[in-house]
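Here is a protein chain to look at.

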Amino acid sequence: MMAQQRITRDDLESKFRQLQDNVQGRVDDKKRTLVSAGAAAGVLLLLIFFLLGKRRGRRKTTLVEIRRI
């Protein structure tokens with residue numbers, strides 16, 4: 001039979017650090033993706049609001065014509 005090795009505090013710490021680094025790397029990748037998508041959505045919304053406001057302004061603008069007699 002194999003003799004069981006005792007698990008030391010250093011073993012546990014190294015495994016937990018390895019696991020945390022792996023998870024942290026995934027979170028950083030997802031965060032970059034979400035920030036990029038959010039920025040693109042914000043720019044798109046601003047463009048849509050600008051175009052809708054421009055159209056509405058064109059419809060409501062009063063045109064005054066002055067003629068000389």
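The turns below set values against definitions.

Q: What kind of model is this, and how are its residues numbered?
A: This is a predicted model, in which local features need pLDDT of at least 70 and side-chain atom pairs count only at pLDDT 80 or more, while totals for chains, interfaces and linings use all residues. Residues are numbered from 1 along each chain as its sequence is written, and side-chain values use heavy atoms, with hydrogens and water left out.

Q: How many helices and strands does the chain have?
A: The chain has one helix and zero strands. Both are DSSP runs numbered from the N terminus: a helix is H or I over at least four residues, a strand is E over at least two. Helix α1 covers residues 9-60.

Q: What share of the chain is buried?
A: Buried residues make up 0% of the 69 residues. The label buried needs under 20% relative accessible area, exposed needs over 50%, and partly exposed lies in between (1.4 Å probe, protein chains only).

Q: Why is the contact between Glu13 and Arg9 called a salt bridge?
A: Their side chains meet at 3.1 Å, N to O. A salt bridge is a side-chain nitrogen of Lys or Arg within 4 Å of a carboxyl oxygen of Asp or Glu, so the pair qualifies. Glu13 and Arg9 are four residues apart in helix α1, which means a separation of about one helical turn.

Q: Why is Arg9 called exposed, and Glu13 partly exposed?
A: Arg9 is exposed because its relative accessible area is 65%. Glu13 has 29% relative accessibility, so it counts as partly exposed.

Q: What makes Arg32 and Asp29 a salt bridge?
A: The closest N and O atoms of Arg32 and Asp29 are 3.4 Å apart. Both residues lie in helix α1, three residues apart, about one turn of the helix. Arg32 counts as exposed because its relative accessibility is 57%, whereas Asp29, at 45%, is partly exposed. The whole structure holds two salt bridges.

Q: How do you know that Thr8 and Asp11 make a polar contact?
A: Their side chains are joined at 3.1 Å. A polar contact is a pair of N or O atoms within 3.5 Å; within protein, one must be able to donate a hydrogen and the other to accept it, and residues adjacent in sequence count only if both atoms are side-chain atoms. Thr8 lies in the segment before α1, and at 36% relative accessibility Thr8 counts as partly exposed.
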